[in-house]
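Here is a friendly walk through one protein chain.

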Amino acid sequence: MGISLRSRWVFLPLILALGALSLYILRLSLVHEGQPVLENPAPPEKKGPIYKEVHREIAPPLPEYFPLAAKAKSPADLPPIPSWNKPPEVHVPESTRLYIGFTRFWPLLQQVVVSYITAGWPPEDIYVVENTGTMDANKRGLLTIQNPFYLDYQRLTKLFGVNIITTSSLQTFAQLQNLYLSEAINNNLTHYFWSHMDVAVHPHEDKEDFKSLYMRAVDVVRETLQPDYLLDKETGKKGKWGQQFFAYDWLTMVNVETFADIGGWDTMVGYYGTDCDMYSRLSMNDYQQPIQDAGMIYDVTTSLEDLEILYRRRPKSEKRIRDHFDSKPDNSSATSPNSAYFDSTEPDTRNSTRFHDLKATLEQIQQDKRDDKYRNSWQLRQNGGEGEPYYYDPDGFEKALQMTIEVGTKINEEKWGHRGCDIKKAGVKEGDQWKVEHDETFDKRKVRRRWF
C-alpha cells in the first residue's frame, strides 16, 4: 500500500531532529580537532594518606652501667654480697617471694634487681615479670639495647640468678597486679612482696640495731604471722590487714586472702587511679594497711654510673696490692675475667664514708626525679628497635599509653562519682560503685596531669 502525501509530513519533525543532532556532533569534532586522542586515558589520581612530620632523633647508645657483669662468665665473676647483708645460708622458713614488673628501660630494671640482691634478698626469691609484649624475643636475644623493651635475659637468669615470668601480651598495671595475685594463689602463698622497677633499695647501715633490708622484711612477715598481731587487748578484737607499705607501695607486702576477698584489682582502671581504687576498697572493708621500715627505698629516674658501688668494696692500698701479688692468689679471682678488679679491691666496712657517699648520690637522683616536670621521662629514653620482632613505634606507644591512662582515670571517676584519690573521704562505701551521682568535685575545673 502506498503512503499518502499527508502521512509523509508526519516524518518531518524526526528528520529535523536528526539533522540538528548531526550538526551538534560535527561542531564538537571541530572544537576538539587538533587535540591528541588518548587511547588509554590515565585514571584520575587517587589521594593517599597525609603523613605527619616526624622529627625523631635516635637516642645515643645506652652506656654499660655494670661493666663487671658485662665481662662476667659466671656468678663467681661478680663481687660477693656485702658480708653484713648476706642472707642466711639456709632459707628462712617464711616465704619471701618478690615480684618486679618490667616494661621499658633496662638500666633501671638491672639496678633495682642488683640493689635488692646486694641488700640481702635471695636471688631465687626474685621474680622479674617481663611485661614487654615481645613474647620470647628477649629470651632468644633478638632485641637490641636501644629497643625500649630490651632486657638482658641471660644476665638476669645466669649471672644474677633471678627468675623471669614472661606475660603472653602487654598488661596494664592493674592486670599485672592481678597476675602477681594469681601466681601467689596458684603457688599456695599466704603473702608476697612486689616492687616498682624504678626504685633502688639499700639497708640502714648507720643504725645501731642493724639488720639487712631483707631480714627486716622477714621480721615484718613474722610479725604478721603472730596470733596476737593487730589484737586489741581491751576489746579482744583482732584486726585484719591488707598490705604492708614500705615507702608507700614502692615495696609492698600483700595479704593474698585479703586481696582475693575484695575481688583483686579493677582492670577497667588500668593505670593511674587504680591504686586509689584498690587501697580505698581495702580501707572500706576495714583492712588495715600498716607502714613499715625495712631500709632506704629511693624513687629514681636513672641508674648509678656503675652498679659495682652497691657491692660495697673499696680500693686496696698500694702496700696491700703488693702483698697480694707477693702471696699466692686465691682461686676465686685468679681465673676470673675480673681478676684485676678483685686484686685491687677489698670489702668495705659497714657505715663507712663510701656508704654515705652512695646514700647522698641516691638522694640526689631521687631529688632530680622530683624536680623533673615529667617524672617518668626515663620511659622515653630508648626509641630504637625498628625492624626487630614485635616492634612498636615508641612515640605511638607513648601516645596510646597516655590515652589509655586518661580513659582509666575517667572510668574510676564515674565508678565512684568522685574526682581524686580521697575516695573514702567522699563518703562512699563498698557497694556504692557505679551507683552514685557526680559530687562537687566534678564542678571544679579538672587539671589532668600527664604521667610521663
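In which loop does M135 lie? M135 sits in the loop between β2 and α5 (153–159). The details of this residue follow below, after a look at the whole chain. Please keep in mind that this is a predicted model.

## The chain as a whole

The protein chain has 14 helices and 13 strands. Of its 452 residues, 45% are buried. Its accessible surface is about 25500 Å², and carbon and sulfur atoms account for 55% of that.

Contacts across the sequence deserve a look too. Among contacts in the chain with a separation of 6 or more, 78% are between residues 24 or more positions apart.

Most residues other than glycine have a negative phi. M135 is not a glycine, yet its phi is positive, at about 50 degrees. With a relative accessibility of 37%, M135 counts as partly exposed.

N188 is another residue other than glycine with a positive phi, in this case near 55 degrees. You will find N188 in the loop between α6 and β4. Its relative accessibility is 70%, so N188 counts as exposed.

## An open sheet and the helix across it

Seven strands come together in an open sheet with mixed pairing: follow the order β3-β2-β1-β4-β8-β7-β10. At the edges are β3 (163–166) and β10 (291–292); each has a single partner strand, so one side of each has no neighbour in the sheet.

Further in, β1 and β4 run parallel and are joined by 3 bridges, with L98 opposite F193 in β4. On the way to β8 the sense is antiparallel, and 5 bridges join β4 to β8; here Y192 stands opposite V254 in β8. Strands β7 (residues 243–246) and β8 (residues 251–255) also pair in the antiparallel sense, over 4 bridges, and T252 in β8 is the bridge partner of F245. Helix α4 lies across β1 (98–102), β2 (126–130), β4 (191–195) and β8, and it runs at about 165 degrees to β1.

## Strands covered on both faces

In a regular strand the side chains alternate between the two faces of the sheet.

In soluble globular proteins, nonpolar side chains tend to be buried together. Here the largest nonpolar core has 67 residues, and L109, V113, Y116 and F160 touch the most other members. Helix α4 (residues 106–118) makes the biggest contribution to this core, with 8 residues. Another core lies apart from it and has 22 residues, including Y180, I262, Y279 and L282.

What does F160 contact, once its neighbours within four places in sequence are left aside? The list is F66, A69, L78, Q110, V113, V114, I117, P123 and R155.

## Aromatic pairs

The structure has 21 aromatic pairs. In one of them, the ring centres of Y180 and W194 are 6.5 Å apart and the planes are at 40 degrees, so the pair is tilted. Y180 belongs to helix α6 (residues 173–186) and W194 to strand β4, so this pair ties together parts 14 residues apart in sequence. Y180 is buried at 2% relative accessible area, and W194 is buried at 1% relative accessibility.

F245 and Y279 form an edge-to-face pair, 5.3 Å from centre to centre with 70 degrees between the planes. This pair links distant parts of the chain, with F245 in strand β7 and Y279 in helix α9 (residues 274–284), 34 residues apart. Both residues, F245 and Y279, are buried. Ring pairs also link a cluster made up of Y99, Y127, F173, Y180, Y192, W194, F245, Y248, F259, W265 and Y279.

Notes. Residues numbered from 1 in each chain as written. Predicted model: local features only at pLDDT ≥ 70, side-chain atom pairs only at ≥ 80, totals over all residues. Heavy atoms only, no water. Core = buried A, V, L, I, M, F, W, Y, C linked by side-chain atoms within 4.5 Å. Buried < 20%, exposed > 50% of the residue type's maximum accessible area, 1.4 Å probe, protein only. Helix = DSSP H or I, 4+ residues; strand = E, 2+ residues; numbered from the N terminus. Contact = heavy atoms within 4.5 Å. Areas by Shrake-Rupley, 256 points an atom, 1.4 Å probe, with all protein chains shown as cover. Pairing = 2+ DSSP bridges. Axes fitted to C-alpha atoms, helices over the stretch in contact; angles between N-to-C directions. Phe/Tyr/Trp six-rings, centres within 6.5 Å; stacked < 30°, edge-to-face > 60°.
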